[in-house]
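Morning, everyone. I have one structure to walk through today. Please look at the sequence and the model as we go.

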Amino acid sequence: MADSPADTTTELLLAIESSCDETAAAVVDRDLNVLSNVVASQAQLHERFGGVVPEIASRAHLRAVLPVIDEALSKADCRPTDLTAIAVVTQPGLVGSLLVGLTAAKTLAAVLKIPLIAVNHIEAHLYACRMAAGFDVFPAVGLVVSGGHSNLYHCKAATDCELVGSTIDDAAGEAFDKVAQMLGLGYPGGPAIDVAARNGNPKAFKFPRTFLREERLDFSFSGLKTAVLYEVNGIPGSHSAPPPELTEQRIADVAASFQQAVVDVLVAKCRQAARQCGVKRLLVGGGVAANSQLRQGLDELQREEGIEVIAAPMEYCTDNAAMAAIAWELYGESRFAALDVDVTPGLVRRGRR
Ligand code: KG4
Ligand code: ZN
């Protein structure tokens with residue numbers, strides 16, 4: 001336990017994240033200094049399926065969770081008895097995956113007799129921006145773009161985020177992964193498309209930008225995905241000439257044009273959300289926030305609209321446990337979880353829990 005309650009650096013949180021295909025643990029002090037941040041990725045296990053297979057994911061979490069926790073503690077030079085609290089992501093995510101992290105966290109909290117804190121994965125993605133900024137960034141509009149989500153929030157506080165827009169079909173990251181598969185670029189697709197697009201022409205193909213000019217703050221990426229599929233493979237049943245060979249240049253052009261279509265929509269909806277919510281600050285987190293073209297688009301938004309854009313640092317865009325330090329906010333409000341707390345796999349559409 002902390003030597004002195006006034007010394008926040010001696011209060012240590014162990015955070016555990018296992019909501020999808022990364023097993024992660026981190027030790028973060030109360031001043032939000034990250035003492036260790038260990039992430040074991042399962043990407044290789046899922047690669048040949050082109051997406052995450054839930055049963056494979058939960059089994060891999062079982063193998064990784066204890067070594068990852070051990071490594072996080074030892075890198076932070078921290079003994080279990082030094083810990084003040086245990087934080088764990090309990091929602092949203094894959095049920096079998098979430099349960100592995102939660103069971104480990106409950107066991108540690110019970111044995112060490114310290115508080116257990118349940119964390120929302122999406123809020124944690126946005127909290128990575130708060131950690132990077134080093135100051136209280138709320139209120140703000142929050143964009144979370146990942147493999148599972150494309151959501152816009154009006155965040156009044158770190159743990160008080162109201163959903164104001166979301167995808168009606170695929171998540172942005174999911175579209176990146178599927179288009180990468182069509183182009184033979186492997187999994188996860190986002191980073192591969194990002195790289196391939198650098199040599200491509202973003203105007204080579206005119207792909208759809210759904211809802212771009214509409215008031216609503218929602219997203220849809222399935223039409224875009226289908227348009228790319230038809231461009232690459234041709235339209236099924238069509239008598240027109242087969243599509244040209246998928247050369248390196250054509251792959252780059254399709255990747256760049258697809259990426260530009262996603263970025264145009266994401267940036268436009270952020271601009272609209274900031275106007276509608278009446279805030280001048282935008283937080284951006286989740287795996288797709290690592291995209292270089294999106295970051296460029298957000299820079300332009302910042303210049304044009306006078307919106308302060310705070311994007312999660314690259315190492316905290318994709319899934320990690322350091323971002324679960326949002327638990328310190330809940331700790332301050334004594335919002336602890338009972339030892340019989342369960343996981344909530346789906347996205348809970350509400351503000352304050
Ligand atoms: O946040 P995250 O690690 O996991 C979820 O919560 O889903 O996000 C993973 C997603 C994947 O779909 C991956 O392709 C995408 O983020 N991603 C990217 C980039 N890096 C990761 N998408 C576009 N550009 C990138 N540079
Ligand atoms: Zn995530």
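Let's start with helix H6, residues 189–197. Its buried residues are Gly189, Gly190, Ile193, Asp194, Ala196 and Ala197. Buried means under 20% relative accessible area, exposed means over 50%, and partly exposed is in between, with a 1.4 Å probe and protein chains only. Helices (H or I, at least four residues) and strands (E, at least two) are DSSP runs, numbered from the N terminus. What do the buried residues of H6 pack against? They pack against helix H5 (172–182), helix H8 (248–277) and helix H9 (292–305). Contact here means heavy atoms within 4.5 Å. A word on helices in general: an α-helix has 3.6 residues a turn, so residues three or four places apart point the same way.

Some ground rules. This is a predicted model, where local features need pLDDT of at least 70 and side-chain atom pairs count only at pLDDT 80 or more, while totals for chains, interfaces and linings use all residues. Residues are numbered from 1 along each chain as its sequence is written, chains are lettered from A and ligands numbered from 1 in the order in which they are written, and side-chain values use heavy atoms, with hydrogens and water left out.

Next, the metal. Which residues coordinate the zinc ion (ligand 2)? They are His121 through NE2, His125 through NE2 and Asp319 through OD, at 2.0 to 2.1 Å. Donors are N, O and S atoms within 2.8 Å of the metal (3.2 Å for Na, K and Ca); water is not among the atoms, so sites may look incomplete. In sequence, the spacing of the donor residues is H-x3-H-x193-D. His121 and Asp319 link distant parts of the chain, 198 residues apart. His121 is in helix H4 (residues 121–133). Asp319 is in the loop between strand S10 (308–311) and helix H10 (327–332). Both His121 and Asp319 are buried.

Now some strands. Look at S2, residues 22–29. Eight of its eight residues are buried. Glu22, Ala24, Ala26 and Val28 point one way from S2. Thr23, Ala25, Val27 and Asp29 point the other way. In general, side chains in a regular strand alternate between the two faces of the sheet.

S2 has partners. Two strands pair if DSSP finds at least two bridges between them. Strand S1 (residues 12–17) runs antiparallel to S2, and six bridges join them. One bridge pairs Glu17 with Ala24 in S2. S1 and S2 form a hairpin with four residues between them. Strand S3 (residues 34–41) also pairs with S2 in the antiparallel sense, over seven bridges. Here Val28 has Val34 in S3 as its bridge partner. S2 and S3 form a hairpin too, with four residues between them.

Leu32 lies in the loop between S2 and S3. Its phi is near 70°, a positive value in a residue other than glycine. Is Leu32 buried or exposed? Leu32 is buried, because its relative accessible area is 13%. Compare Asp77, in the loop between helix H2 (54–75) and S4. Asp77 is not a glycine either, and has a positive phi of about 55°. But Asp77 is exposed, because its relative accessible area is 72%.

Two peptide bonds are worth a look. A cis bond joins Gln91 and Pro92, with omega about -25°. Pro92 is in the loop between strand S4 (83–91) and helix H3 (95–112). Another cis bond joins Tyr187 and Pro188, with omega about -5°. Pro188 is in the loop between H5 and H6.

Tyr187 brings us to the largest pocket. Along with Ser146, Gly147, Gly148 and Asp177, Tyr187 lies nearest the centre of that pocket, which is lined by 40 residues. What is a pocket? On a 1 Å grid over the protein atoms alone, a cavity is a set of points where a 1.4 Å probe fits but cannot get out, and a pocket is an open set with protein on both sides within 12 Å along at least five of seven lines; lining residues have an atom within 4 Å of a point. The largest pocket has a volume of about 1000 Å³. Grid points are joined across faces, edges and corners, and a volume is the space filled by probe spheres set on the points. Which helix gives the most to the lining? H5 does, with six residues.
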